[in-house]
Amino acid sequence: MATASPWNDIDDKFCICSICLEQLKEPKQLPCLHRYCKDCLNSIIQGTNDVIKCPECREEIQIPTNGVDGFKTDFYSKSLVEYVQIQQSLTSDEVRECYGCSKHLRVAAYCFKCNDFLCKDCHNFHVTNKMMKDHQKHTLSLEGIEAKNITIENLASMRDAPRCHIHLEEMAKLYCDTCVNLPICVACVHGEHKGHNLHEVKALAKLKREELTQKLKTLGEINKDKHEIAPKQAKEKLIWNVSIEKEKMIKMHHEKDQKLMTKVQDTEGRRQQVEQEKQNTEKKIFDSLQTDMEHEIQGVKKKYEDMFRVKKLELTDTFKERESSLEKELAKLREQRERFERDKKELLELIEKQLIENMKIIETMSQHFDNIKKRFETLNVMSSSILASDNDWSAVQCIPDMCTAASNLMKDLKMNFPKLTTLTEVTVNYKRYSFEKPSVTKISEKFDKKITITYPYQNVYGMTCSGDGTIAISGITSNGRASFILVIDMNGRMLKEEILNTGNSYPFRYCEYLSQHKVATVCQPKEIGLYDVRDGSYIKKNISAVINSWPKGRNVRCVATDPVKHHILVGAVNSRDVYVFNDQLKYLHILTLPEMIKWPCNITVSDGHLLVCDYDGKRCFVTTMDGLESKLVGEFMTPNLKENKFGPRSVCSDKNGFVYVLWKSSTQCYIVQYNHNGSQVLTTKKLDEYANAFTVEETSQGEKLLVATQNTRTAYLYDLMTEG
């Protein structure tokens, strides 16, 4: 066969690659670019062992064991190449080597039997000579009206049926499904393809057309739902929700600011009132003494003068103490207002940051669906062309690949949208801003409620409350081989349960709420994670993989959260270093505790400070949290207990600023209530000897103290009684 065209190689194998397709001038007719021409395949296979990937849709194509020769013929692309050649010959007086006479003459016709161009004389010979009778219906005159209106579908009807891939002199009659739709002749039925799954081409083409039509129908319905409706609604709903929540936050901050200003003004007025009261009382006493002195004899005048001087000094000392107390209260209110303004600014910045991140997710979703739309349109163009064609060979060859592409597209369309962060995850700790006069809180003598936790696990080491009645509990299972997280309500009813870290030996797990729905948790030896109580999802990181300075053999021991800055603080065994992460588990920095602390067995954030239990050192401290070096603010008074082997195991605080420390020995357990700086012991209460974790929970009846035992599956709820 003469090689009059650079496209002749493609008659033998496969389809058109993206580089070859640049020469075609009909973009609407192009198929999905997941195949290659023979030359491109040879160059690609030289550097590949198993598969090649489509340059556009990235579908993987298995390379046959016999290389390029093992790929099947693509009749549709072959027809496309011939169509382009004929169109180019019509628009230009092209001179080619005639297949019949081998002369370089202007082309006049194309013979699909010879698979090449003919000059005018050879064309006349083709259509008049009886020897060429079987060529006549396959010969197209390029000068006639028929050639000018030719389409790919018309072109398919003029092509000769393919030859048997073994008996090249025989026309193919059947398709071998066992050999991936390979065209064969009747002789092959009893030969090399004996016992294979064979199909008559018309019946198989009809079946494949029906299969593709149903795929396209289903794909169109899914595309309409997913592409046209869902992303738009998700984006509009997100923007609307963010706008509403932002307005609520601004309004809430404004109300708190007004309330603070009112309290400041009220305190200033009370201070002036005390000053006026002081002056009035002083004047009243002075006038009284002056009157008495006028009625006394001159000899006792000195006595009354001395009395007046003493009284004046006493009054000065009394009112000086009251003025000092009011000045301290006023300074504290001013400090709280400044902190409130800083936190409000950080919160608004966090809202804007989350909005930007969510909009990026929406943009990624839009790009994803734009790409799917393009693939959908390309598949529609290809499918319409194949379904409109009457060429059964092309239908059998191309429709299985199109059905596969349609299935992959349906799978992509059914993908769920990425989960968007909402403003319900943004919280502010208003417990830090108590503008009312502090009340005295006492622990009730007896527990208000006993909660039996119906779970098959033991060894509780962590407990935290969300503020809405949801309680998260963590620890290790009774066999010591796995850790767990449980979510229960105030009645002990199980809401969620997760078994984590199976296979590790004694994986102690601790937890603390970061926001209303997310619990920060750490697990020995070096795991940090976030657990979502709504759907039970859990993401985690290996701390040593993100912190280069994490020493070998170091174990985590406790976790705390800063709800204002949305930070997670992690303490470790035998180390004064506290590791700080953000709410995305990104490592930020190390906070080093003061030298008098051995290592923290439990920590919590209260009123902008860090409360630290040093169990080995048998002491409890208040430290700063700013910078990289924590400074000592104060130390909690050690309670006067009968034994001297008590150590602080756990610590928490209530909304009035009172602090509660769990002191334990080998046989006894006490909760000790302190004032805000730990300098004064207010209440001491003996507990169950197995008490190991506790927290303060806000309920509809006020704050409650919730205490969990280590291995008896019991929790006790105590009232915190408030006195004005």
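1. Cys119 is buried, at 3% relative accessible area; buried means under 20% relative accessible area, exposed over 50% and partly exposed in between, with a 1.4 Å probe and protein chains only. Cys122 counts as buried too, at 14% relative accessibility. Please keep in mind that this is a predicted model, where local features need pLDDT of at least 70, side-chain atom pairs count only at pLDDT 80 or more, and totals for chains, interfaces and linings use all residues. Residues are numbered from 1 along each chain as its sequence is written, and side-chain values use heavy atoms, with hydrogens and water left out.

2. The structure holds zero disulfides, a disulfide being a pair of cysteine sulfur atoms within 2.5 Å. For Cys119, the nearest cysteine sulfur belongs to Cys98, 3.6 Å away.

3. On to the strands (E, DSSP runs of at least two residues, numbered from the N terminus). Strand E18, residues 518–523, has five of its six residues buried. E18 is antiparallel to E17 (residues 509–513), with five bridges; strands pair if DSSP finds at least two bridges between them. E18 also pairs with E19 (residues 527–532), antiparallel over six bridges.

4. Val522 of E18 stands opposite Tyr510, and its bridge partner in E19 is Ile528. The E17–E18 hairpin is joined through four residues, while three residues lie between E18 and E19 in theirs.
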